[in-house]
Number of protein chains: 2
Amino acid sequence: DIAYTVANCFESNALDGIRVVISAGPTREAIDPVRYISNHSSGKMGFAIANAAAEAGALTTIIAGPVNLATPENCQRIDVTSAQDMYQSAMQQIGQCDIFIATAAVADYRPATVAEQKIKKNDDTMSIQLTKNIDIVSAVASHSNRPFTVGFAAETQDVERYAKDKMQRKNLDMIVANDVANNNIGFNSDDNAVTIFCRDDDSMAIAQTSKQQLGRLLIAKIASQYKQ
Amino acid sequence: DIAYTVANCFESNALDGIRVVISAGPTREAIDPVRYISNHSSGKMGFAIANAAAEAGALTTIIAGPVNLATPENCQRIDVTSAQDMYQSAMQQIGQCDIFIATAAVADYRPATVAEQKIKKNDDTMSIQLTKNIDIVSAVASHSNRPFTVGFAAETQDVERYAKDKMQRKNLDMIVANDVANNNIGFNSDDNAVTIFCRDDDSMAIAQTSKQQLGRLLIAKIASQYKQ
């Protein structure tokens, strides 16, 4: 059972020497020197997973968007701002990474042009043209030297359907889905509840618990799948 | 001189019993339940001014956007998220406010429609239609029961010209201009340097100093202008 798996994972240092890279937090996409587009990700889930990975003996690196969180013990941290920064940082880790866990809420789009000066307001309406960012977790999972790749799906509806579709489409080994429409969990909350879907059709629901505890449960599950 | 004015301001409790309302921090304008538009304001300048106002004896209220700052001693705090929330909160203070200091970096525009569900990405490009927010400091300064109104101008070019134009256009009593193109000061920095312009053509430059100290210099200047 899961309690046994978790205890076993940490007692046996299940990820001893395994290189784990975790992306965490939001990204910020500049509109001009003052304004940006971002999202409500706090980074807490990713930092909790990093903490658990390090506890399980992994060589752990966090690629962190702008968050207000202390670096967990025994983790390396690379701070980035935009999705493009995070993509470059993730690509630099390929080849030195056995497991990649993409918890970051990366902006899907960025402003097509970034104004060099603060945009002056004049009109009653305005529009921002956006262009798609590179999909980081897809790029990692489709790399010739791909690590075991875990994605996250923050959804507000049809969570299971969107999550499984995302796992297939992006060639992930595992996806962790959470329903961000529920205000008790996710984003800025200290708690979360998720369902894990694996490529071999295994799935596991984890009821609401602290992100710290959830981090340990996820790392135990990832370690067991990684070693299959 | 300024040192004398400042010492005198705090020794004499220059704002004793005066009701000061300060808006601070950024606002967040929702795109959907997950994404938003915001800006780099940290709220530090506004909170430092609130601290100085309370030290000078004012009954001080902060209307704060999303910031990671502790409430200064002897200040009331109202937390808001969007420009519309901040506008409503500011309007509720009119009639119980002698001096309004608008340090908040209020979003000029908000998405014209807010998606109820997380927007799914499909196309390579996308555009966000924006609509203008009510100008809070203008609304305060043009109210029939207007307080003494102080604005801020965060500019990246032509600072003096834009600032003076903004003071006239918005009917402000005073404007505090800073050059946010200088990375040593402004926004997330603990330091700032500003130039103050007053309606009576008085102006005063304050060289780079801590935001705490700058808060006290600004409150001394505001108190002296308010009492003229």
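**Strand β1 of chain A and its surroundings**

In this predicted model, β1(A) pairs in the parallel sense with strand β6 (residues 99-102) of chain A, over four bridges. One of the positions to look at is Ser23(A), whose bridge partner in β6(A) is Ala102(A). β1(A) also runs parallel to strand β4 (residues 59-64) of chain A, and six bridges join the two. Here Ala24(A) stands opposite Ala64(A) of β4(A). As for its cover, strand β1 (residues 19-24) of chain A is mostly shielded, with five of its six residues buried.

Let's step across to β4 of chain A, where Thr61(A) is found. With a relative accessibility of 10%, Thr61(A) counts as buried, because the cut-off for buried is under 20%. If you leave aside the neighbours within four places in sequence, Thr61(A) is in contact with Val20(A), Val21(A) and Ile22(A), and also with Gln76(A), Ile78(A) and Gln93(A).

Now for the sheet that involves both chains. Strands of a sheet pair through backbone hydrogen bonds, in either a parallel or an antiparallel way. This one is an open sheet of four strands with antiparallel pairing, in the order β2(A)-β3(A)-β3(B)-β2(B). β2 (29-30) of chain A and β2 (29-30) of chain B stand at the edges with a single partner strand each, so one side of each has no neighbour in the sheet. Within chain A, β2(A) and strand β3 (residues 35-39) run antiparallel and are joined by two bridges. You can find Ala30(A) opposite Tyr36(A) of β3(A).

Finally, a helix to set beside the strands. Helix α6 (residues 211-226) of chain A has 16 residues, which at 1.5 Å a residue should span 22 Å, and this agrees with the 21 Å between its end C-alpha atoms. The buried residues of α6(A) include Leu214(A), Leu217(A), Leu218(A), Ile219(A) and Ile222(A), along with Lys211(A), Lys221(A) and Gln225(A).

Notes. Residues are numbered from 1 along each chain as its sequence is written. Chains are lettered from A and ligands numbered from 1 in the order in which they are written. This is a predicted model: local features need pLDDT of at least 70, side-chain atom pairs count only at pLDDT 80 or more; totals for chains, interfaces and linings use all residues. Side-chain values use heavy atoms; hydrogens and water are left out. Two strands pair if DSSP finds at least two bridges between them. The expected span of a helix is 1.5 Å times one less than its number of residues. Buried means under 20% relative accessible area, exposed over 50%, partly exposed in between (1.4 Å probe, protein chains only). Contact means heavy atoms within 4.5 Å.
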